[in-house]
Amino acid sequence: MESASVSVLVNESPTEEFKPSRGLRQGDPLAPILFLVVAEGLVGIVRQALKVKLLTGLKIGCKEIEICILEFADDTLFLCEDTLNDVLTLKVILRGFELASGLKINFHKSKLAGINVQSNTVECFTKTLNCSQMGIPFKYLGIEVGGNPRKKQFWEPVLNKLKARLSVWKGRFLSLAGRSCLINSVLTVVPLYYLSLFRAPESVCRRIIKIQTSFLWGWGKVNKPISWVSWKDV
């Protein structure tokens, strides 16, 4: 970007050409492309560390594909074995990425979690990386990671969101068709994200239907409503 020359129009007259030196600013259309290029550089460093056996990833699937890094937008998730060598290698990779890209990694906002790892070992690794410890289960992209979807407690956030959303709407001011449209929109937005990844127990499905039927026939009232039509027909 610094090799190009630009000129500014002042009163419809161009000024002398000059070379920009500030680079890309926030909001520039090229900024996301630059971010992807930099993020791909981090992935390349991790792949090289895996290639020379300095870092050990997790092998998944029947083909045992080794995965060590996952990226989504500006979130990065590292996966490695619970050894001091892997943790030190990870710290070296992050430090080298800082020096090469000019970006500053905030280790205080970074968190470390151990799966089937003793708490004192995780505490030692957090001190090495100068980050905080994260408990399991934890939320990532709105999904609870490490929880058991076969338990009812796992689906409590979904049910609470449904109840909160329905309580805001004033059912008595809406027609039957309006309440039906709102219920369908909740079905699409709230539970479907969880249901696309996990199989819900039958009891949870019944509770979701119960919340929807009470809003459809009872206008959100506390009293038990009368269902005039079968839910399958609805």
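**Note on helices, salt bridges and surface**

1. In α5, the residues Arg-179, Ile-183 and Val-186 are buried (under 20% relative accessible area, where exposed is over 50% and partly exposed lies in between, with a 1.4 Å probe and protein chains only). They lie on the same side of α5, because they cover an arc of only 60° around the axis, the arc being that of the directions from the helix axis to the C-beta atoms. On the other side of α5, the exposed residues are Ala-177, Cys-181, Thr-188 and Val-189.

2. The model is predicted, so local features need pLDDT of at least 70 and side-chain atom pairs count only at pLDDT 80 or more, while totals for chains, interfaces and linings use all residues. Residues are numbered from 1 along each chain as its sequence is written, and side-chain values use heavy atoms, with hydrogens and water left out.

3. Helix α5 covers residues 176-189. Helices (H or I, at least four residues) and strands (E, at least two) are DSSP runs, numbered from the N terminus. The expected span of a helix is 1.5 Å times one less than its number of residues. For the 14 residues of α5 this gives 20 Å, which agrees with the 20 Å between its end C-alpha atoms.

4. How far apart are the end C-alpha atoms of α7? The distance is 23 Å, which agrees with the 24 Å that its 17 residues should span. Helix α7 runs over residues 202-218. Its buried residues are Ser-203, Val-204, Ile-208, Ile-211, Gln-212, Thr-213, Phe-215, Leu-216, Trp-217 and Gly-218.

5. Side chains of opposite charge can pair when their charged atoms come close. A salt bridge is a side-chain nitrogen of Lys or Arg within 4 Å of a carboxyl oxygen of Asp or Glu. The whole structure holds four salt bridges. Glu-202 is exposed, at a relative accessible area of 61%.

6. Another salt bridge joins Glu-98 and Arg-95, whose closest N and O atoms are 2.9 Å apart. Both residues lie in helix α2 (residues 84-101), and because they are three residues apart, about one helical turn separates them. Is Glu-98 buried or exposed? Glu-98 is buried, at 7% relative accessible area, whereas Arg-95 is partly exposed, at 45%.

7. Glu-40 and Arg-47 also form a salt bridge through their side chains, at 3.7 Å from N to O. Glu-40 is partly exposed, with 45% relative accessibility, and Arg-47 is exposed, with 53%.

8. Gln-48 lies in helix α1 (residues 31-51) and is partly exposed, at 44% relative accessibility. Gln-48 and Thr-15 are 33 residues apart along the chain, and 48 Å lies between their C-alpha atoms.

9. Which residues form a nonpolar patch on the surface? They are Val-6, Val-8, Val-10 and Phe-18, with about 300 Å² of accessible area together. Patches are made of residues with over 30% relative accessible area and no salt bridge; like charges are joined within 9 Å, and nonpolar side chains (Val, Leu, Ile, Met, Phe, Trp, Tyr) within 5 Å. Accessible areas come from the Shrake-Rupley method with a 1.4 Å probe, and for residues only the protein chains shown count as cover. Val-6 sits in the segment before β1 (9-10) and is partly exposed, at 33%.

10. The structure has zero disulfides, a disulfide being a pair of cysteine sulfur atoms within 2.5 Å. Cys-62 is exposed, at 81% relative accessible area. Cys-181 is exposed too, at 53%.
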